[in-house]
Amino acid sequence: KEYQYEDTADIITNTSTEHVTQETYDIWYDNIPIGALVVVQGNDFFSCDEHVRCSNNLEEFMSMNRVTDPIFSGQLKTSIYTRFMCVFRKN
């Protein structure tokens, strides 16, 4: 199956969540082992044609990426877009 973790994974990172559909993200997320530390990043750069799943703000980013009880959540404003990042344990 796609996105299967055959070995125990302690940290899972996805630095380009804006490049996958919600359906693909959910399939990926559902296969992450419970308890793994997850790091996700995305942005609000809607004008890029390759970005199919941007967020308007940090709260929307957290919801779309199924973040619960974040260890860290933040954003970095650049001259072109805002980058979002969250670190959390999958429940």
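User: What distance, N to O, separates the side chains of Arg-66 and Asp-26 in their salt bridge?
Analyst: This is a predicted model, in which local features need pLDDT of at least 70, side-chain atom pairs count only at pLDDT 80 or more, and totals for chains, interfaces and linings use all residues. Residues are numbered from 1 along each chain as its sequence is written, and side-chain values use heavy atoms, with hydrogens and water left out. A salt bridge needs a side-chain nitrogen of Lys or Arg within 4 Å of a carboxyl oxygen of Asp or Glu. Arg-66 and Asp-26 meet in one, and the N to O distance is 3.3 Å.

User: Is Asp-26 buried, partly exposed or exposed?
Analyst: Buried means under 20% relative accessible area, exposed over 50%, and partly exposed in between (1.4 Å probe, protein chains only). Asp-26 has 22% relative accessibility, so this residue counts as partly exposed.

User: Which residues are linked with Asp-26 in a network of salt bridges?
Analyst: Asp-30 also forms a salt bridge with Arg-66, with the closest N and O atoms 2.8 Å apart. Asp-30 lies in helix α1 and Arg-66 in the loop between α2 and β3, so the pair ties together parts 36 residues apart in sequence; helices here are DSSP runs of H or I, at least four residues, numbered from the N terminus. The network partners of Asp-26 are Asp-30 and Arg-66.

Note on methods. Helix = DSSP H or I, 4+ residues; strand = E, 2+ residues; numbered from the N terminus.
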